[in-house]
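Subject: Model for your files

Dear colleague,

Here is the structure I said I would pass on. My notes follow below it.

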Amino acid sequence: MLIRAGVPRSLGVPSTEARLRFDTELQERGGGPRRRLLMVDDEPAFELTFYCGTCPLLFRRLETAREKLGLDSMQELLTGALGDPDDGGVVEAFGALLPQGEYLPCC
């Protein structure tokens, strides 16, 4: 699988308006590694594997994920492969769900 990266860029909305964000659980004293989470509307939705650079990054949907998050305007465009991360305004559309920051779009 070939991953194509765009150029790093500033995306997102003020953090109070962002629907998606990454977080970690607090570690209990003497406990193992903390879970890394993808939060949707401040609710844990997916657990992320620890990324070492050699294995794929995996997401596991949690039972607390109650809502599907989709953009109807992107549905048809995303039925096929994107040749470039910037195709069809996908980066900007999904970037509007993220907190402000520097991101590297990939596809």
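Which residues does Glu47 touch, not counting residues up to four places away in sequence? In this predicted model, the list is Arg35, Arg36, Leu37, Leu58, Phe59, Arg60 and Leu62.

Four strands form an open sheet in the order β2-β3-β4-β5, and the pairing is antiparallel. The edges are taken by β2 and β5 (59-61); each has a single partner strand, so one side of each has no neighbour in the sheet. From one strand to the next, the twist averages 35°.

Going through the pairs in order, strand β2 (residues 20-24) is joined to β3 by five bridges, antiparallel. Within that pair, Phe22 has Leu38 of β3 as its bridge partner. Five bridges also link β3 and β4, again in the antiparallel sense, and here Leu38 is partnered by Phe46 of β4. The hairpin of β3 and β4 has two residues between the strands, and in it Asp41 takes a positive phi near 50°. Strand β3 (residues 36-40) is mostly covered, with four of its five residues buried. The last pair, β4 and β5, runs antiparallel and is joined by three bridges.

Glu47

Glu47 belongs to strand β4 (residues 43-48). Is Glu47 buried or exposed? Its relative accessibility is 18%, and the cut-off for buried is under 20%, so Glu47 counts as buried. Across the pairing, Glu47 stands opposite Arg60 in β5. The two side chains also make a polar contact, at 2.3 Å.

The core

In soluble globular proteins, nonpolar side chains tend to be buried together. Which residues make up the largest nonpolar core here? There are six: Leu20, Val40, Ala45, Ala65, Leu97 and Leu98.

Leu20 falls in strand β2 (residues 20-24). Leaving aside neighbours within four places in sequence, Leu20 is in contact with Met39, Val40, Leu69, Leu97, Leu98 and Pro99. Among these contacts, Val40, Leu97 and Leu98 are also members of the core.

Regards

Key. Residues are numbered from 1 along each chain as its sequence is written. This is a predicted model: local features need pLDDT of at least 70, side-chain atom pairs count only at pLDDT 80 or more; totals for chains, interfaces and linings use all residues. Side-chain values use heavy atoms; hydrogens and water are left out. A nonpolar core is a set of buried Ala, Val, Leu, Ile, Met, Phe, Trp, Tyr and Cys residues joined through side-chain atoms within 4.5 Å. Buried means under 20% relative accessible area, exposed over 50%, partly exposed in between (1.4 Å probe, protein chains only). Contact means heavy atoms within 4.5 Å. A polar contact is a pair of N or O atoms within 3.5 Å; within protein, one must be able to donate a hydrogen and the other to accept it, and residues adjacent in sequence count only if both atoms are side-chain atoms. Two strands pair if DSSP finds at least two bridges between them. Axes are lines fitted to C-alpha atoms, for helices over the stretch in contact, and angles run from 0 to 180 degrees between N-to-C directions.
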